[in-house]
2 protein chains.
Amino acid sequence: MEKLLIGGGWQVSDNPGGSFRAEDPATGQPIGPEFPVSGAADVEFALTHAEAAAKDLAAIEPERIAGFLDAFASGIEASAPELAEVAHRETALGVHPRLYDVELPRTVNQLRQAAAAARSRLWSAPTIDTQAGLRARYAPLSKPVVVFGPNNFPFAFNAVSGGDCAAALAAGNPVIAKCHPAHPQTCRQLAKIAQAAVQSAGLPMATIQILYHMPPELGLKLVSDSRVGAVGFTGSRAGGLALKRAADEVGIPVYAEMSSINPVFILSGALAERGAEIASELATSCLAGVGQFCTNPGFVVIPRGGAGDTFVSVARRCFEQAEPGVLLARGVLEGLVRSVDALRTAGARVLCGGHAASGAGYRYSPTLLSVDADHFAEHAAALQQEAFGPVSLFIRTGSDAETESIARALEGNLTGCVYSARDGSDDVLAERLMKQLRPRVGRLLNDRMPTGVAVSAAMNHGGPYPATSHSGFTSVGFPAAIRRFATLECYDHVREAWLPPELRDRNPDGGLQRCIDGVWTTADVAASTP
Amino acid sequence: MEKLLIGGGWQVSDNPGGSFRAEDPATGQPIGPEFPVSGAADVEFALTHAEAAAKDLAAIEPERIAGFLDAFASGIEASAPELAEVAHRETALGVHPRLYDVELPRTVNQLRQAAAAARSRLWSAPTIDTQAGLRARYAPLSKPVVVFGPNNFPFAFNAVSGGDCAAALAAGNPVIAKCHPAHPQTCRQLAKIAQAAVQSAGLPMATIQILYHMPPELGLKLVSDSRVGAVGFTGSRAGGLALKRAADEVGIPVYAEMSSINPVFILSGALAERGAEIASELATSCLAGVGQFCTNPGFVVIPRGGAGDTFVSVARRCFEQAEPGVLLARGVLEGLVRSVDALRTAGARVLCGGHAASGAGYRYSPTLLSVDADHFAEHAAALQQEAFGPVSLFIRTGSDAETESIARALEGNLTGCVYSARDGSDDVLAERLMKQLRPRVGRLLNDRMPTGVAVSAAMNHGGPYPATSHSGFTSVGFPAAIRRFATLECYDHVREAWLPPELRDRNPDGGLQRCIDGVWTTADVAASTP
């Protein structure tokens, strides 16, 4: 049985709730060693050590945390070929380009951006009111953050190496990583690299702890433990809402990034101008990663009539010609079968695919469905259910008013997109649509598919409920993502010597931007006004 | 029956759930006219109009919202004598200095600060990544905010004129104000002034709506209606948690500022140096407003021994000599009787007071209780229950270790304070204590009582659960308080013409501070990079 990284070292699971193995989704066969399903004793052990580590970490200078994040990034780079190989076996995602050339560099870059953010401290937004004698900043929670990783990004959103973990650490909080049980070997490899970096940076040994699997009810117990400061989650709506409900009861914030259908509106001018080009762009975006992205464009609004029909046939040809890719896990296949059945039951017609694909392992044929706008209007809730995988639903509209009414019926999404003609002929409708879409999506796009999520200070990988649990926060992009794992601290006439460095008269490194009396500046505070 | 301000005008309550009148707490007699207890029809009417107003308001330029807030502030100033008089009759708070000279100017100042914050747009924190083509800002919710006002500040925290309402409006959201039923006439007067300002500024007529009272279950229905964007609440823990539970279920954020005992630690050096002075300062802070402040110092830690005993007797003399003030309402008196009984049952000894006071109306004698630290250790939860009113509990400690262990046992509070000697003799303990207090309080003070809450950008009137529902937010101070009522919006390659002014290449007013490629600046974006 594999060991757990808890309490600062690799420990045998105490009283495990059984064991599990990874599966190769390309064959459906178990692979690799046995991993423990943790029981209450493992969770208690991790919490005890995380609580102690949190107090130590909160007092550590940002440079050491940044050093850890950089060392972790370099460690991942140094093991890139092995990591890509093990993740490929567990997820069936391609080594090239996906894992090795795209996701892994993105993960490394994200950790380095987190290091830079920790170093710059801009996330702490030091605010000083010299007249009132008040100084405030965002600070570590002084409690651990529990991170739940999803199945679809074994590196970039992994509970150990992904954005939530990086953001929690950049704020100075330890992490209890609840990995996704679909790729335990990948998690173990990442945890080994993380632990080496923890040691070399001299951070508390329990800065990162890892639990591979646990019964759902134990997960609820974990997130509602008063020693926990906050929870980051990426995954299904049902899972996220269950965790949120448990933690809400005791005032622990859960930042859950859940489901989204990512509506795309293609207007008639754009269709006439470059319909085939957009159809091919759509197919590429829908089928990348076998459609298993949170920003997969699953809901595409297209006018009825000839140009729309041509668009649909081009897209359909792309979908039909694509090989059914291997899905991440058995659960994804089962979910897809259920979701597509539900869309059919709600009145959507299958244009192509619509069934599990033959061949070894877990495969589903690339699938397009279609429904008329007037039918959508009557079944708007059922037809907005996400089908996680290579599935998109076309909504065909007969008028601008109908197109706009679809936007009005949408629930919260991560993204929303409008394709309009370059010659301006769609501008009136485009503007009206964007007014409707804006409060319903986290990221609004023009003329591009939503699947790329850049790690940027101006990114919002978030959106209105139920796409996420809180529309004021993003899970990608520094410094904003760090704010989820921070608390607001005010110092009222506290003596200079007892202030944190960010709030002392002297700028801590000469370059920290602080808001002093309403102005962002790198200046020192003129005179000591406690 | 008085009318409601809903749907943009003064309306007769539809199907009211009965009626109520204010009481003069100095006599216990009903005063003023009958006000409606709203039923579901009023709430539905208000929500329908608020939803429409939200869409309009989100598109209105900040200058008009600022103009409204300034006009509202001036309107309150112009009616100051009448407002102070009516509030005095309903709350028994003194006209001079409390209502007229302190709270009213503070309220006016707060509205003007909100106007300045709306005008400056700094709260929207525009963030531009020119390389990635991404631009983000905080934006109005495009949905109404429901604000629940408390009983203890008829102006500064009133659902119509207080900080939550000002913050929600500054962000560009309409407000449904659920006033506190203890001062309906004050609320009506404020709502009249607000509505005149709404008209003169040309805002949507339903920008502010007011409901005087409703059955608790209807309040839960209101805050869990999907048309609501967020909820601001100031009041009791039970009330706040009930609203939070209902809204959490449907992903609506509730910012509840609830109970706090505001621990004050007085160290032995400070006691020796200036014990009598601090005791008198404490009594003043405890008895101001008849102790009915959320930041009332209700929990005071003092060493055992002679200097501590002297401190206690000075404080006790102040409490005994103070006239029992009139409480805000019958409910406050009933709550106090229950709370002091509970503290006694948990082992606290009454030093003075401890009973309702004779005389007309609702009065409770200024009360001090005391308990030893070792007893506190065994009953820490029961002895941390807030007694809302002129009541404080002394905890007597025999050693530095015992003093520190008390700090470690504290739950979340709004404030925490350490008084230490000016000669440095307390510094070692003071520093250890502040390390313990820091993650347990929103605002940490040195050598001053917590009852003053300045309206400042560096204020935090918030704190860890259960003092509030989320430790990352404050209910006082701009721009931070506005962020509670904002959503994060990202624009991904959206055309310049369709960006909000804050995110266009050109700085909208030449003076807005924006974070462009990591640097806060008032510069324009160099070249158009969508």
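Which residues does B:Pro439 touch, not counting residues up to four places away in sequence? That gets settled in the first legend below. A quick note before the views: this is a predicted model, where local features need pLDDT of at least 70, side-chain atom pairs count only at pLDDT 80 or more, and totals for chains, interfaces and linings use all residues. Residues are numbered from 1 along each chain as its sequence is written, while chains are lettered from A and ligands numbered from 1 in the order in which they are written.

**View 1. B:Pro439 and its contacts.** B:Pro439 touches A:Ser142 and B:Pro464, leaving aside residues up to four places away in sequence. Here, two residues are in contact if their C-beta atoms, placed from the backbone, lie within 7 Å. B:Pro439 sits in the loop between α14 (427-437) and β18 (441-446) of chain B; helices (H or I, at least four residues) and strands (E, at least two) are DSSP runs, numbered from the N terminus. B:Pro439 counts as buried because 20 other C-beta atoms lie within 10 Å. The cut-offs go like this: 20 or more other C-beta atoms within 10 Å of a residue's own make it buried, 12 or fewer make it exposed, and anything in between is partly exposed, again with C-beta atoms placed from the backbone. As for B:Pro105, it is 334 residues from B:Pro439 in sequence and 33 Å from it in space, C-alpha to C-alpha.

**View 2. Where chain A meets chain B.** The contact takes 54 residues from chain A and 54 residues from chain B. On the chain A side, the elements giving two or more residues are β5 (127-129), β6 (134-140), α14 (427-437), β18 (441-446) and β19 (486-492). The largest share, 7 residues, comes from β19(A). By residue type, the side of chain A that touches chain B divides into 25 nonpolar, 17 polar and 12 charged. For that count, Ala, Val, Leu, Ile, Met, Phe, Trp, Tyr, Cys and Pro are nonpolar, Asp, Glu, Lys and Arg are charged, and the others, Gly among them, are polar.

**View 3. How the two copies relate.** The same surface serves both copies, with 100% of the contact residues of chain A recurring in chain B.

View 4. Chain A is divided into domain 1 (31-258 + 474-482) and domain 2 (263-446), with bounds that come from an automatic or database domain assignment. Their C-alpha centres lie 32 Å apart. Across the boundary, 8 residues of domain 1 of chain A are in contact with 7 residues of domain 2 of chain A. On the domain 1 side, the touching residues divide into 3 nonpolar, 3 polar and 2 charged.

**View 5. Helix α7 of chain A and what covers it.** The buried residues of α7 (residues 216-223) of chain A are A:Gly219, A:Leu222 and A:Val223. They cover an arc of only 90° around the axis, so they lie on the same side of α7(A); the arc is that of the directions from the helix axis to the C-beta atoms. What covers these residues includes α1 (40-58), β7 (145-148), β8 (175-178), β10 (230-234), α8 (237-248) and β11 (254-257) of chain A.

View 6. A:Asn262 has a positive phi of about 50° although it is not a glycine. You'll find A:Asn262 in the loop between β11 and β12 (263-266) of chain A, and it counts as buried because it has 28 C-beta neighbours inside 10 Å. A:Asp447, also not a glycine, has a positive phi near 60°. A:Asp447 is in the loop between β18 and β19 of chain A and is buried, with 21 other C-beta atoms within 10 Å.

**View 7. Two cis peptide bonds.** A cis peptide bond joins A:Tyr465 and A:Pro466, with omega about 5°. A:Pro466 belongs to the loop between β18 and β19 of chain A. Over in chain B, the bond from B:Phe478 to B:Pro479 is cis, with omega near 5°, and B:Pro479 is found in the loop between β18 and β19 (486-492) of chain B.
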